[in-house]
Amino acid sequence: MAITLVQQQFIRYSVVGLASNLLCYLVYLGLTKLGMNPKLAMSLLYALGVMQTFVFNKRWTFEHAGPRRTVFYRYCTAYGLGYLFNLAVLYLTVDLLGYPHQLIQGIMILTLAMMLFLAQKFWVFRGA
C-alpha cells in the first residue's frame, strides 16, 4: 500500500515537530522548575521552535521551492496565531482555573500541532 503525499508530509511534519517539541518541552520544564514564569518560558521557547522548524518544514516536509519571504511571513502568522491561542489557554486554565501548567502545555503542544499542520498544508506551503 503506497502512502499518499499528504500522509508522507504528515509523517515528516510529525518527525520535525516531535523532535522540536520534545526538546522545547524538556527545556520548558527545566526553566519553570528553576522558577521562570510558565508563560514567559512558553513564549521564549515558542519563538525558538518556530525558527528551527521553518527550515525543516519548508525544505523537507513540504519540499516548497517558492519564495522564502512569502512563506516565512505566512509561517510566522500561523505560528503567531497559535501562540496567542496557547497563551490564552494557559491564562484561562492555569491562572484562572488552577490546572497544572505542565499538563495544559503538554495538551496544547498536541492541539497546536494538528492545527498548524493544516495551516501549513493548505495556506503556508500551498501548492508545494
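I began with Gln-8, which at 29% relative accessibility counts as partly exposed, a class I take as the range between buried (under 20% relative accessible area) and exposed (over 50%), with a 1.4 Å probe and protein chains only. The model is a predicted one, in which local features need pLDDT of at least 70 and side-chain atom pairs count only at pLDDT 80 or more, while totals for chains, interfaces and linings use all residues. Residues are numbered from 1 along each chain as its sequence is written, and side-chain values use heavy atoms, with hydrogens and water left out.

Gln-8 lies in helix H1, where helices are DSSP runs of H or I with at least four residues, numbered from the N terminus. Leaving aside residues up to four places away in sequence, I find Ser-20 touching Gly-49, Gln-52 and Thr-53, contact meaning heavy atoms within 4.5 Å.

**Helix H1.** H1 has 29 residues and spans 41 Å from its first C-alpha to its last, close to the 42 Å expected at 1.5 Å a residue; the expected span is 1.5 Å times one less than the number of residues. Its buried residues, including Arg-12, Val-16, Gly-17 and Cys-24, pack against H2, H3 and H4. After H1 I noted Gly-35, which has a positive phi near 110 degrees.

**Helix H4.** How far apart are the end C-alpha atoms of H4? For the 24 residues of H4 (101–124) I read only 30 Å, short of the 34 Å that a straight helix would reach. Among the buried residues of H4 are Ile-104, Met-108, Leu-112 and Val-124, and the buried residues of this helix pack against H1 (5–33), H2 (38–61) and H3 (68–96).

**H1 against H4.** The axes of H1 and H4 come within 10 Å and cross at roughly 150 degrees; axes are lines fitted to C-alpha atoms over the stretch in contact, with angles from 0 to 180 degrees between N-to-C directions. H1 and H4 are therefore roughly antiparallel, the term for angles over 145 degrees. The crossing of H1 and H4 is right-handed, that is, the near helix is turned clockwise from the far one by less than a right angle. The contact includes Phe-10, Tyr-13 and Tyr-25 of H1 and Gln-105, Ile-109 and Phe-117 of H4. Its residues divide into 13 nonpolar, eight polar and one charged, where Ala, Val, Leu, Ile, Met, Phe, Trp, Tyr, Cys and Pro count as nonpolar, Asp, Glu, Lys and Arg as charged, and the others, Gly among them, as polar.

**H2 against H3.** I repeated the reading for H2 and H3, whose axes come within 10 Å and cross at roughly 150 degrees, so that these helices are roughly antiparallel to each other. Their crossing is right-handed. Residues of H2 including Tyr-46, Val-50 and Phe-54 meet a set in H3 that includes Phe-72, Tyr-79 and Leu-87, and the contact divides into twelve nonpolar, five polar and five charged residues.

**Glu-63.** In the loop between H2 and H3 I found Glu-63, which has a positive phi of about 45 degrees although it is not a glycine. Most residues other than glycine have a negative phi.

How values were computed:
Helices (H or I, at least four residues) and strands (E, at least two) are DSSP runs, numbered from the N terminus. Angles under 35 degrees count as roughly parallel, over 145 as roughly antiparallel, 65 to 115 as roughly perpendicular and the rest as oblique.
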